[in-house]
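Please look through the sequence and the model before reading on.

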Amino acid sequence: MAKEVYRPATPDPLKWYDTMDLIYLDNNATTRPTPEVSAAVAEAHDELWGNPSSVHRFGQRVRQRLELARAATASLLGARPRELVLTSGGTESCALAIRGLRAAQRGAERFTLVTTDIEHAAVRELAEAMATEGEGTTVVVKLPLLEGGVADASVLPGLLADAAGPVLVSVQWANNETGAIQPIAELAAAVADARQHGAKVWLHSDATQAVGKLPVDAPGSGVDLLSFAAHKFHGPKGVGGLWLRRGVRLRPVQLGGPQETERRGGTENVPGVLGLGVAAEQAADFLSDPAKRDAVAGLRDELERRVADGLRDAGHDPPAVNSASAPRLWNTTNLGFRGLEAEAILLGLSERGVCASAGAACSSGSLEPSPVLWAMGIDEPVAHGSVRLSLSRFTTADEIGRAAEVLVAVVARLGRVLPV
């Protein structure tokens with residue numbers, strides 16, 4: 001008689017969500033994979049589990065599907081498939097872009113990295129680390145910010161003229177906390193002009209919050225390197241990519257094999273890549289109709305209006321809308337409640353089934369205000385009480401109405417307990 005093997009019951013992954021009737025407004029942290037994406041991931045696990053680098057027919061069948069997914073992803077960016085390096089996500093992509101390009105500048109005694117103080121930690125902390133490595137061979141220069149947390153592109157030509165050695169400019173496409181869209185076209189024009197005058201300069205953009213949410217034409221944008229992650233547009237976690245303009249050279253940061261045309265070692269994450277390909281196709285369909293983005297932007301605006309009106313009716317001040325003066329992603333709002341603590345607001349929301357955050361998911365648990373809001377010059381009492389609510393293309397009007405009611409109730413209660 002065969003020995004019985006204990007197998008714990010598999011929980012329904014949606015049961016807690018349905019029971020709690022969650023309103024999920026933390027889509028800049030991650031998005032829920034679509035059913036089609038999940039099906040592609042499952043197919044890879046169940047049927048296409050071979051190694052795509054193997055020469056046998058099964059391995060080559062997996063390779064074919066992987067390359068089709070690469071092509072679908074490249075199409076979302078308006079790019080060629082061979083220009084795409086598949087990575088484990090946005091953080092690795094940024095590291096490969098910045099460290100890989102730096103490493104390719106053999107013989108350069110000085111390397112200048114121009115960036116901002118409002119980057120995601122994937123770039124901000126990397127810049128801090130590189131500034132202390134190699135006895136100062138990498139010089140980090142910061143672009144100043146305009147109102148609303150937008151990089152001042154007018155300063156870049158002067159910085160490029162004064163920079164020592166090869167230069168990489170790294171500025172995010174859209175801010176993950178406030179949704180502020182950066183002046184990529186103006187930055188690209190400055191880089192192109194400097195290059196025409198003999199400068200050795202490139203432009204990288206962390207487009208993790210833009211790809212899948214905005215039409216991104218990588219080759220036509222003027223950037224030379226562009227990073228993204230699948231889980232920001234309803235794909236799986238643990239997969240993303242780096243687009244490279246033809247002719248841009250970099251050395252691999254992760255060694256260990258000839259994969260990705262020798263730009264990144266390691267067996268490809270086939271389930272993730274197949275899910276990425278499906279997510280890219282679905283995102284392209286969504287982006288083909290601007291009215292769809294406008295509709296969700298209208299929900300975001302309605303959320304801001306309802307919260308402001310509800311607090312006024314309750315005898316409280318309306319929130320500050322951080323980066324309201326800047327062009328913003330259609331799905332993002334960052335609301336500052338003066339004199340309150342973001343953690344208390346988030347706990348109150350969570351207890352009532354509303355998911356939000358105080359900024360980047362990577363910094364959750366920190367009691368300090370967001371470095372992004374600090375860099376923007378937001379008043380400390382507002383920065384401490386700022387929360388981010390980020391919608392998805394599947395967010396409904398009913399969810400927005402209920403979320404506004406809950407947020408007003410939570411803030412009004414905290415305002416009574418902790419009067420300003």
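Is Thr208 buried or exposed? Thr208 is buried, with a relative accessible area of 10%; buried means under 20% and exposed over 50%, with partly exposed in between (1.4 Å probe, protein chains only). This is a predicted model, in which local features need pLDDT of at least 70, side-chain atom pairs count only at pLDDT 80 or more, and totals for chains, interfaces and linings use all residues. Residues are numbered from 1 along each chain as its sequence is written, and side-chain values use heavy atoms, with hydrogens and water left out.

**Thr208**
- Thr208 sits in the loop between strand E8 (201-206) and helix H8 (218-221); helices (H or I, at least four residues) and strands (E, at least two) are DSSP runs, numbered from the N terminus.
- The side chains of Thr208 and Asp206 form a polar contact of 2.5 Å.
- A polar contact is a pair of N or O atoms within 3.5 Å; within protein, one must be able to donate a hydrogen and the other to accept it, and residues adjacent in sequence count only if both atoms are side-chain atoms.
- Beyond four places in sequence, Thr208 is in contact (heavy atoms within 4.5 Å) with Gly90, Ser227, Phe228, Ala229 and Lys232.

**Ser170**
- Ser170 belongs to strand E7 (residues 167-170).
- Ser170 is buried, at a relative accessible area of 0%.
- Its side chain makes a polar contact of 2.8 Å with the side chain of His204.
- Residues up to four places away in sequence aside, Ser170 touches Ile98, Leu113, Val114, Thr115, Thr116, Glu119, Val123 and His204.

**Thr332**
- Thr332 is in strand E12 (residues 332-336).
- Thr332 is buried, with a relative accessible area of 0%.
- Its side chain makes polar contacts with the side chains of Asn28 (3.1 Å) and Asn331 (2.7 Å).
- Glu177 is 155 residues from Thr332 along the chain, yet their C-alpha atoms are separated by 7.8 Å.
- Leaving aside neighbours within four places in sequence, the contacts of Thr332 include Glu177, Thr178, Gly179 and Arg300.

**Helices H11 and H15**
- H11 (residues 290-313) and H15 (residues 397-417) pack at about 30°, with axes 9 Å apart.
- H11 is therefore roughly parallel to H15, a label for angles under 35 degrees.
- Axes are lines fitted to C-alpha atoms, for helices over the stretch in contact, and angles run from 0 to 180 degrees between N-to-C directions.
- Residues in the contact include Leu299, Leu303 and Arg306 of H11 and Ile400, Gly401 and Ala404 of H15.

Note on methods: Parallel < 35°, antiparallel > 145°, perpendicular 65-115°, else oblique.
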